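This briefing walks through a structure one topic at a time. Keep the sequence and the 3D view open while reading.

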Amino acid sequence: MNSRLISIIRKEFIQLFRDKRMLALILVIPLVQLFLLGYAAVNDVRNVPLAVFDQSHSVEGRELLAAFQAADYFKLTYAVDSNDEMLSLLETGAVKAGMVIPPDYAIRLQEGRAQVSFILDGSDPTVASTALAAAQLIGQSKSTEMMQQKISRMGSTVKIQPPVEVLTTVLYNPDMISAYFMIPGVIGMILFAITAILTATSVVRERERGTIEQLIVTPIRPIELVIGKITPYVLLSLFDAVEVIAVGHFWFGVPIRGSLLLIGLACSVFLFSGLGIGLFASTIANTQQEAMLTVWMTLLPAIFLGGFFFPIENMPQILQAISYAIPLRYFLRIIRVLLLKGVGIESIQGDMLALVIFGVVIMSAAALRFRKRLD
Amino acid sequence: MNPPAIEVTNLTRLFGDFVAVDHISFKVNEGEIVGYLGPNGCGKTTTIRMLLGLLKPSEGKATVLGYDAFSQSEEVRLRTGYMSQKFAIYDDLTVRENLDFYGGVYGLKKNGQISETLEKVGLTGHETLLTRELSAGWRQRLALAIALVHRPRLLFLDEPTSGVDPNARRAFWDLIYDLSGQGVTILVTTHYMDEAEYCGRVGMMRGGQLLAMDTPGALKAQFVQGEVWEVYTGALLEGIKALSQAREVAHASLAGDHLRLIATPGFGEAGIQRLFQAARLELTLIQRGEPTLEDVFTALVKK
């Protein structure tokens, strides 16, 4: 390494460690994101608050209620005495579902024609659809159980079986825990955001302060300036990635089934996309705020179209096409596959290649523009 | 004899339709201190940027230390120092860290040369101070140290004293004389007329054109045609009015507590007294004054 490069790297590190608040932010932001997305951004529907208007006051009614409470999909929050009361609870959002057990429930049950009504708040489709499915499932299994009891009472030993049974197996994330989906995504988002924003602002800062002019009249070459400036941020971003993976694994229990070497390789390759976009932004922006907003403009589409929250397969064709230009898309697939499935390089090589291509293209574009601005 | 340190022929720079520097030509010999004087935006900084190869000339040619300023800018930059208007200092680094950084960038082996540079600008003992805590005068010295750390033969100083108090300005010029004594050639821009008096030769620039370049004495002798008089009176404003009406008076203006005028030779004390008597104004004292570079500039602009 030559003395020019070493001098720049040393200077950047001194500046980085001198700004303690900034350093703390860089190290704490990933944790905040991790806990937010690990706990708050959860699609799993559990403990839906339920109000019950039990008009039958019968043992049978209470049995049905017990069945609803046994599965932890619902949580009996209110027992009400009128339909109006139930509706007002739904209106205020105090409960998301209501069940009405009619007065003649026990008698009708004997006749085999009992009905209960189930009312759902559909304003949150995720909650409603899951709750609906759960309610139907609970109702069905309860009636199968009751039929079985009836038959046994009649002295028969025949077991009732539905004619077709679908045996389901959920691979990789059998409990379908959202955090396992979200946390690998956080790694991608952090790597991208931290490298792009820090690279862009650190280059633009030199222009803002007028030091870039002084640097140009020294023997520094543009490539040395770029490498020297980004090295500390590369290391810091990788440190952040390790932090997120470690906390994700040991706190949230996200499995690490793939090889750590491959994960490290994927993170390193992906870093170049963030660095390239950061450098490119620095050639457009004249102030640090402009640089920050320019990066932000690429960050939002990356998060929404890259498959961070929503599956790309469900998006309209045009958005799916755009998503091919978003490096986060490839990295998210790689990191989720590596962590949860533990496969080898053969099943991620296509995505890796895409990342390499994107990195080379954006870095070259940035380098070309960077040189021009120095002239 | 050595070739000139700087040789500029018909140097021109356009920004779109705007002519920032308009066909200027001059020479600077080794060891000279040359001042470049003119109002803000007259093309001083653009000229220096072209001499350092930061901007490409639209027309003309500039040679610095025998190298072409644009095509051989790397050679030029190795041998020259540059102190820009915005002092190129990292606020979050200490004095020493700033200088270590620039020293490293020039590939200096540590310590010796850096300590020596600090000593030269009088910052020894302040190495560990954060730059953002320094006064403007000290920041200026550090910026000079940065420009000097690789021991350049030629120094470009762009408005080095703007925003600095008079004492620090004076001390800064002492430093510049020391450097000149050691054989360093200096091209310094300023818009302070009094500072230009310290230079061996002065170039006067306005609207992108180099109006004249010579020693302060020669400029005054050539362009200030007439005698300078200082007039003390109780009626300053009426005095200016009275003086301005005379054809022999080239220029009359307020100079603090008195009036200053340039009159054709022969008009003299008697002429001034006549004017004041005619206007019924009291007169306290009349004495001869010295022409200044400001007079030169005013005369040049009028031409």
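Predicted model: local features only at pLDDT ≥ 70, side-chain atom pairs only at ≥ 80, totals over all residues.

Of the 303 residues of chain B, what percentage count as buried? The share is 43%.

**Chain B as a whole**

- Chain B contains eleven helices and 14 strands.
- The C-alpha trace of chain B spans about 75 × 45 × 40 Å along its principal axes.
- Among the contacts in chain B with a separation of 6 or more, 69% join residues 24 or more positions apart.

**The sheet with β1(B)**

- Four strands of chain B form an open sheet in the order β2-β1-β4-β5, and their pairing is antiparallel.
- The edges of this sheet are β2 (18-28) and β5 (67-68) of chain B; each has a single partner strand, so one side of each is left without a neighbour in the sheet.
- Seven bridges link β1(B) and β2(B) in the antiparallel sense.
- One of the paired positions is Leu14(B), whose bridge partner in β2(B) is Val19(B).
- Helix α1 (residues 44-51) of chain B packs on the sheet and touches β1, β2 and β4 (59-64) of chain B. The direction of this helix makes about 115° with that of β1(B).

**Ile6(B), a residue of β1(B)**

- Ile6(B) lies in strand β1 (residues 6-15) of chain B.
- Is Ile6(B) buried or exposed? Ile6(B) is buried, because 23 other C-beta atoms lie within 10 Å, and the cut-off for a buried residue is 20 or more.
- Leaving out residues up to four places away in sequence, Ile6(B) touches Lys27(B), Val28(B), Leu51(B), Val64(B) and Leu187(B).
- One of these, Val28(B), is 22 residues from Ile6(B) along the chain, and the C-alpha atoms of the two are separated by 5.0 Å.

**The sheet with β11(B)**

- Another open sheet of four strands in chain B has the order β12-β13-β11-β14, with antiparallel pairing.
- At its edges stand β12 and β14 (285-289) of chain B, each with a single partner strand, so one side of each is left without a neighbour in the sheet.
- On average, neighbouring strands of this sheet are turned by 25° against each other, with direction ignored.
- The antiparallel pairing of β11(B) with β14(B) runs over five bridges.
- Within this region, Val228(B) has Gly289(B) of β14(B) as its bridge partner.

**Helix α9(B)**

- Which residues of helix α9 (residues 236-244) of chain B are buried? They are Gly239(B), Ala242(B) and Leu243(B).
- These residues are on the same side of α9(B), because they cover an arc of only 95° around the axis.
- The buried residues of α9(B) are covered by elements of chain B including β11 (227-232), β12 (249-255), β13 (258-263) and α10 (268-278).

**Chain A: a pair of strands**

- Six of the seven residues of strand β1 (residues 48-54) of chain A are buried, so the strand is mostly covered.
- β1(A) pairs with strand β2 (residues 74-79) of chain A in the parallel sense, over five bridges.
- Ala51(A) has Tyr78(A) of β2(A) as its bridge partner.

**Chain A: a pair of helices**

- The axes of helix α10 (residues 260-284) and helix α13 (residues 327-341) of chain A come within 10 Å and cross at roughly 170°.
- α10(A) and α13(A) are therefore roughly antiparallel to each other, since angles over 145 degrees count as such.
- On the α10(A) side the contact is made by Leu262(A), Ile263(A), Ala266(A), Phe270(A) and Ser273(A).
- On the α13(A) side the contact is made by Pro327(A), Phe331(A), Ile334(A), Ile335(A) and Leu338(A).
- By class, the residues of this contact are nine nonpolar, one polar and no charged.

**Where the chains meet**

- How many residues of chain A are in contact with chain B? There are 18, and they meet 20 residues of chain B.
- The elements of chain A that give two or more residues to this side are α1 (3-18) and α8 (211-216).
- α1(A) supplies the largest share, eight residues.
- The side of chain A that touches chain B has six nonpolar, seven polar and five charged residues.

Notes:
Residues numbered from 1 in each chain as written. Chains lettered and ligands numbered in written order. Buried ≥ 20, exposed ≤ 12 C-beta atoms within 10 Å, placed from the backbone. Arc of directions from axis to C-beta. Contact = placed C-beta atoms within 7 Å. Nonpolar A, V, L, I, M, F, W, Y, C, P; charged D, E, K, R; others polar. Pairing = 2+ DSSP bridges. Axes fitted to C-alpha atoms, helices over the stretch in contact; angles between N-to-C directions. Parallel < 35°, antiparallel > 145°, perpendicular 65-115°, else oblique.
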